[in-house]
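Please look over the sequence and the structure shown here before reading the report.

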Amino acid sequence: HGDLKKTFKEVCLIGMGRKQFCSPEPLKRQGFEAAEDFACQLLTAMKCRLGKEDSSELKKHQYFRGIDFDQLHHHQITAPYVPKISHASDVS
């Protein structure tokens with residue numbers, strides 16, 4: 001499992017422009033190009049970040065291609081998978 005404090009520190013340093021995001025190996029695999037680009041555009045200095053103006057920038061990203069946000073907003077989309085959880089913080 002990851003170290004939450006370390007991750008938070010890394011994200012803060014990236015947001016302040018003191019460090020650059022380096023894509024982890026799983027995002028560099030073929031078929032994950034949109035996910036990698038989305039992560040790179042989020043994990044950057046605040047002044048350059050995707051969505052810094054409003055959420056419409058995020059919704060237009062290729063990672064979300066095929067998602068109808070209007071239907072999602074109106075609860076007209078069925079989740080492809082609903083996990084069974086035993087309590088609010090269940091991450092099993």
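The report below takes up the basis of the model, the fold, the surface and the cysteines.

## Basis

This is a predicted model, in which local features need pLDDT of at least 70 and side-chain atom pairs count only at pLDDT 80 or more, while totals for chains, interfaces and linings use all residues. Residues are numbered from 1 along each chain as its sequence is written, and side-chain values use heavy atoms, with hydrogens and water left out.

## Fold and extent

The protein chain holds 4 helices and 0 strands, helices being DSSP runs of H or I with at least four residues and strands runs of E with at least two. Read from the N terminus, the order is α-α-α-α. The radius of gyration, taken over C-alpha atoms, is 16 Å, well over the 12 Å that the globule rule gives for 92 residues, so the protein chain is more spread out than a compact globule; that rule is 2.2 Å times the number of residues to the power 0.38.

## Burial

Of the 92 residues in the protein chain, 13% are buried, where buried means under 20% relative accessible area, exposed over 50% and partly exposed in between, with a 1.4 Å probe and protein chains only.

## Cysteines

The count of disulfides is 0, a disulfide being a pair of cysteine sulfur atoms within 2.5 Å. The closest cysteine sulfur to that of Cys-12 belongs to Cys-48 and is 17 Å away, too far for a bond. Cys-40 is likewise in no disulfide, with the nearest cysteine sulfur, that of Cys-22, 8.7 Å away. Cys-12 is partly exposed at 30% relative accessibility, and Cys-40 is partly exposed with a relative accessible area of 30%.
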